[in-house]
Amino acid sequence: MSKYELLIFDWDGTLVNSIGRIVESISVAATSCNLPALDETAIKGIIGLGLPEAVAVLYPHVTDVGTAEAFRRAYAEHYLMLEAEPSELYPGVALALQQFRDQGHLLAVATGKGRRGLDRVLDGQGWSDFFDVTRCADEAASKPDPLMIHEILAHCGVGPERALMVGDSVFDLEMARRAGVDSVAVSYGAQPLDVLRAYSPRMTINRFSELGDWLRSAGTAEVVAYVG
């Protein structure tokens, strides 16, 4: 097995192709609250944060609790409607995760979702008991605060040098850096690689299957960008 005993994954944009639905739900919530429309790039830039933190970044002038709660409610209602048919896993994710488990890796999720939302989607994938531990923004702290990773490491009894964070946003990579954990950036999620590379991931990948290839090579190579 590679040097990484524990693999920690972001959810949206890393394991699950849900970015478009998040962008749409943010836009619908903004309209319902009579807030200015924002372009897709701006919205993608906050994916990975907890929802209260995301709203604070997108609409810093919104300070009253009533508007913030109305936004949260409108977002959740629209997202749940879209998720009547659950977002699909990215190609190769289910197979790779099972292979990682069979190879002896511990598996974890650290996500900006709330606990109710994550439990719902895990149940929809038949993964309620698949991961060794999961942490959400509303029970720890929003990324890039490293608390979620600290709690995952403590739960698993693994030192930071034996853990790897895999994510698609600067918040994932900065959270890993603050926790002293190596990271891998994926190119197919919310944010482009030219932005993510500034956070010094050990590896960048364009397809989830490439993670397994790298781990099998012991996970000790220099930073490489796959092309394809």
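This is a predicted model: local features need pLDDT of at least 70, side-chain atom pairs count only at pLDDT 80 or more; totals for chains, interfaces and linings use all residues.
**Strand 4 and its partners**

Strand 4, which spans residues 163-167, is joined to strand 5, residues 182-186, by 4 bridges, and the two run parallel. Between them the chain passes from strand 4 through helix 8, residues 170-179, to strand 5, in a β-α-β crossover that is right-handed. Strand 4 also pairs with strand 1, residues 6-9, again in the parallel sense and over 4 bridges, and here Leu 6 stands opposite Ala 163 of strand 4.

Strand 4 is mostly covered, since 5 of its 5 residues are buried. In a regular strand the side chains alternate between the two faces of the sheet. In strand 4, Ala 163, Met 165 and Gly 167 lie on one side, while Leu 164 and Val 166 lie on the other, and all of these are buried, which leaves both faces covered.

| Residue | Loop between | Relative accessible area |
|---|---|---|
| His 105 | helix 5 (93-102) and strand 2 (106-111) | 3% |
| Glu 83 | helix 4 (65-82) and helix 5 | 8% |

His 105 counts as buried because its relative accessible area is 3%, under the 20% cut-off for that term. The side chain of His 105 reaches the backbone oxygen of Tyr 4 at 2.9 Å. His 105 and Asp 132, although 27 residues apart in sequence, are 9.8 Å apart in space when taken from C-alpha to C-alpha.

Glu 83 is likewise buried, with a relative accessible area of 8%. When its neighbours within four places in sequence are left aside, Glu 83 is in contact with Arg 21, Arg 120 and Val 121.

**The two domains**

The chain is divided into domain 1, made up of 6-17 and 89-219, and domain 2, which covers 18-83. The centres of domain 1 and domain 2, taken over C-alpha atoms, are separated by 23 Å, and 19 residues of domain 1 are in contact with 15 residues of domain 2.

The size of an interface is often given as the accessible area lost when the parts come together. For domain 1 and domain 2 the area buried between them is about 1,200 Å², with 54% of it on carbon and sulfur atoms. Of the area that domain 1 buries against domain 2, Arg 120, Phe 171 and Ala 190 supply 37%, more than any other three residues.

Definitions and conventions. Residues are numbered from 1 along each chain as its sequence is written. Side-chain values use heavy atoms; hydrogens and water are left out. Buried means under 20% relative accessible area, exposed over 50%, partly exposed in between (1.4 Å probe, protein chains only). A polar contact is a pair of N or O atoms within 3.5 Å; within protein, one must be able to donate a hydrogen and the other to accept it, and residues adjacent in sequence count only if both atoms are side-chain atoms. Two strands pair if DSSP finds at least two bridges between them. A crossover is right-handed if, with the strands pointing away from the viewer, the path from the first strand over the helix to the second runs clockwise. Contact means heavy atoms within 4.5 Å. Domain bounds come from an automatic or database domain assignment. Buried area is the accessible area (1.4 Å probe) that two parts lose on being put together, summed over both.
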